[in-house]
Amino acid sequence: MAGRGRPDADGVCHFTFSRNTLIPDIPARMWLVVDALTDITVHEVSWLTPDVPSEANVKLGLCFATFNRLPYLRRVVNEILSDPSAVACVNRILVVNQGKEFARDELIADENRDTAARIDLLKQDNFGGCGGFTRGIIECLADDDITHILLCDDDIVFEPHSLVRLTSFLRYCRNDVAIGGQMLDILRPNFLYESGAVLRENTLTPRPLGHNGFLGEPEVLDEMINLPSIDYNGWWFFAFSKETARKIALPMPCFIRGDDIEYGVRMKRHGIQTVVLPGLVVWHEPFYLKLGGWHYYYEVKNRFILGVMHYRRSPLRDLNNILWVFMRDILTCRYYTAKLAILAIDDFIKGPAAAMTCDPAKLAEVRELYKVYGPSSMQEEYLPTEACPAAPKWLRLPGLVHLMIGLSFLMSLFPIPGKTLPRCFLPANHFNIVNTALLNKFIVREMDGTTYLHFQRSRRLGWKLLSSFAASYIMALLKFNTVSEKYKTEFNTLTNKSSWKERLNLT
């Protein structure tokens with residue numbers, strides 16, 4: 001379909017398209033091609049509609065939760081302040097600093113001093129991303145000039161015009177919806193990392209939509225237009241109305257990892273759909289760069305809470321899901337994440353007072369365990385320079401994989417001789433049971449290409465963790481139904497404003 005037109009007396013060309021002229025029920029995109037016979041200047045290209053906005057005035061409260069990432073935060077804040085059209089969309093920019101204190105002058109570039117009045121610096125203890133964003137939400141709820149809340153990570157790269165697109169879209173929304181931005185891989189800028197996510201029914205783990213899609217392929221662009229219903233969108237760029245926050249209350253107190261998932265699921269169960277807006281994108285560091293670390297404790301614990309609050313789940317199924325990952329970790333010497341799984345189950349069973357907390361002391365406890373259970377880091381002068389050859393493909397046949405699992409299990413618990421890899425490393429994407437089955441010591445290079453970890457098999461830790469997991473597993477089965485009722489009973493209290501203000505020391 002093409003349109004042609006000549007400029008009017010003001011030099012403006014209008015091209016009229018009706019929805020009825022488009023081919024229905026298939027993905028469609030429109031774009032503009034300008035063929036100029038002489039030199040011209042294009043001042044603006046706009047999509048216009050005769051429809052009247054349902055929301056006459058949308059004013060954003062933009063919230064950043066930051067922890068010792070001033071250079072990244074400075075970059076994104078000044079990108080916004082340097083764009084007048086983006087500044088016009090934002091009533092306030094709230095920066096909730098939970099790390100080392102910094103002054104306004106350290107954040108704002110000299111050329112943006114005249115717009116700096118829109119920024120509020122708020123200092124508080126480290127209550128995790130959840131505590132930082134919730135503080136921003138509380139502040140926005142108290143501001144009568146703000147209509148919508150936008151949560152953004154402090155280390156994103158994005159086009160400030162995205163704020164214009166967001167507010168323009170919100171003005172025409174007939175229903176109360178939440179808006180999510182798509183995340184692109186900052187290391188591969190033309191690749192989509194996630195366009196919203198759904199939860200896998202069996203495990204309640206996220207399945208990102210559009211993952212690893214190359215944006216140069218028309219099929220990927222079509223998928224971005226025709227997205228299915230999603231369960232949540234990450235808080236790297238996520239907007240919703242103040243009315244939504246009043247309706248469903250504040251996020252679940254969980255420090256980190258899972259707050260965005262639970263809040264999105266809660267929105268959906270209250271009839272508020274999350275819409276991923278095509279073209280509203282941010283570039284963000286991908287999550288595959290690091291092997292499982294301290295975050296895993298929060299992922300496991302918060303997944304249990306999500307299940308009991310919003311789904312009718314069998315405790316046996318949820319525990320078995322963790323069991324399979326736990327056994328993989330034991331067999332591949334990932335003792336730290338195995339220990340974190342046990343701690344997460346134990347804290348969940350203790351009930352809401354222990355599990356639903358943003359206490360930074362818990363983070364310190366979780367990280368301290370790394371000294372006992374984590375692999376050791378390699379010094380630069382001892383780093384291997386070559387990758388170890390991958391295991392032969394025939395070892396991945398089903399029967400042989402089971403054999404390798406059995407050998408790994410025996411080596412993890414009994415004094416069976418193994419071998420140490422020569423001066424080479426396993427790339428993180430080759431870090432699996434097959435490639436480590438006969439090894440007592442090996443080195444893994446993470447996806448960032450600079451971090452090398454030295455793993456060593458320990459029968460003592462293997463037995464200790466296996467017995468601890470068995471005890472936690474049994475206790476969880478016995479107490480699951482009782483403790484689940486406690487979560488359901490206390491959830492509304494723990495997510496209301498007064499409870500959060502007390503937690504954040506605002507009362």
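Mentor: Helices (H or I, at least four residues) and strands (E, at least two) are DSSP runs, numbered from the N terminus. This is a predicted model, where local features need pLDDT of at least 70, side-chain atom pairs count only at pLDDT 80 or more, and totals for chains, interfaces and linings use all residues. Residues are numbered from 1 along each chain as its sequence is written, and side-chain values use heavy atoms, leaving out hydrogens and water.

Trainee: OK, which residue follows H8, and what's its phi?
Mentor: Gly271 follows H8, with a positive phi near 85 degrees.

Trainee: And how many residues of H8 are buried?
Mentor: Nine of the 11 in H8 (residues 259-269), where buried means under 20% relative accessible area, with a 1.4 Å probe and protein chains only. Among them are Asp259, Asp260, Glu262 and Arg266, along with Ile261 and Tyr263.

Trainee: Switching topic: where does Gly61 lie?
Mentor: In strand S1, residues 60-66. Gly61 has 0% relative accessibility, so Gly61 counts as buried.

Trainee: What's Gly61 in contact with, beyond its sequence neighbours?
Mentor: Leaving out those within four places, Gly61 touches Arg92, Cys140, Ile146, His148, Ile149 and Leu150; contact means heavy atoms within 4.5 Å. Ile146 sits 85 residues away in sequence, yet the C-alpha atoms of Gly61 and Ile146 are 5.9 Å apart.

Trainee: Last one: how do the axes of H9 and H17 cross?
Mentor: At roughly 75 degrees, coming within 9 Å. H9 and H17 are therefore roughly perpendicular (65 to 115 degrees).

Trainee: Which residues meet there?
Mentor: From H9, Phe304, Ile305, Val308 and Met309; from H17, Phe480, Ser484, Tyr487, Lys488 and Phe491.

Note on methods:
Axes fitted to C-alpha atoms, helices over the stretch in contact; angles between N-to-C directions. Parallel < 35°, antiparallel > 145°, perpendicular 65-115°, else oblique. Buried < 20%, exposed > 50% of the residue type's maximum accessible area, 1.4 Å probe, protein only.
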